[in-house]
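Please keep the sequence and the 3D view at hand while reading.

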Amino acid sequence: KSHNKDIRFKELGEWFDVDEHDIQSTVKTFLKNDTYHNSIETSSTTWKELLHRYCTLCGVHEHYNEVRRFVVRAEELGLLHDKTPQTICAGAIYVVCTIKHGYDTSKKHIYDKCKMSDATLQRCIVCFMDNLPDLVFAD
């Protein structure tokens, strides 16, 4: 329906030799599952769309605005062109929380929560740390 196609559950059931009620139930479950919808288009997701969720996952949602300003500054400096949105968010959260706020947050905590590899996170952190004088922390 969302693509203006008029295919009935009965037709789908006939095509795939599946009971139409099973298809209807599966489609309803799929449409209700927000977690799946949020992960469908990760290739086109931007850091702006992920940052709040990652700050919440990492338990630092109170620093969202500060981390956001940090990433905006990194973007202005051209530091983000070869990094994924997930890496940008995780790296910025780590740097802002450990450097500015002195949190004893491990990289493992961040990459586990953000579901990425240690090496990927480390490369982003190194980039941010190498450019730290230019990435001023706005209050």
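## Basis of the report

The model discussed here is predicted, and the residue numbers run from 1 along the chain as its sequence is written.

## Glu-66 in helix H5

Helix H5 spans residues 64-76, and Glu-66 is found in this helix. Because its relative accessibility is 10%, and buried means under 20%, Glu-66 counts as buried.

## The aromatic pair

The structure holds one aromatic pair. It is formed by Phe-70 and Phe-128, whose ring centres are 5.2 Å apart and whose planes stand at 85°, so the pair is classed as edge-to-face, given that planes over 60 degrees apart fall in that class. Phe-70 belongs to helix H5 whereas Phe-128 belongs to helix H8, which covers residues 118-130, and the pair therefore ties together parts that lie 58 residues apart in sequence.

Both ends of this pair are covered: Phe-70 is buried, with a relative accessible area of 1%, and Phe-128 counts as buried at 0% relative accessibility.

Trp-15, Phe-16 and Val-18 together make a nonpolar surface patch of about 360 Å². Of these residues, Val-18 is placed in the loop between helix H1 (9-16) and helix H2 (20-32), and with a relative accessible area of 36% Val-18 is partly exposed.

How values were computed: Predicted model: local features only at pLDDT ≥ 70, side-chain atom pairs only at ≥ 80, totals over all residues. Heavy atoms only, no water. Helix = DSSP H or I, 4+ residues; strand = E, 2+ residues; numbered from the N terminus. Buried < 20%, exposed > 50% of the residue type's maximum accessible area, 1.4 Å probe, protein only. Phe/Tyr/Trp six-rings, centres within 6.5 Å; stacked < 30°, edge-to-face > 60°. Patch = residues over 30% accessible without salt bridge, like charges linked within 9 Å, V, L, I, M, F, W, Y side chains within 5 Å. Areas by Shrake-Rupley, 256 points an atom, 1.4 Å probe, with all protein chains shown as cover. Salt bridge = Lys/Arg side-chain N within 4 Å of Asp/Glu carboxyl O.
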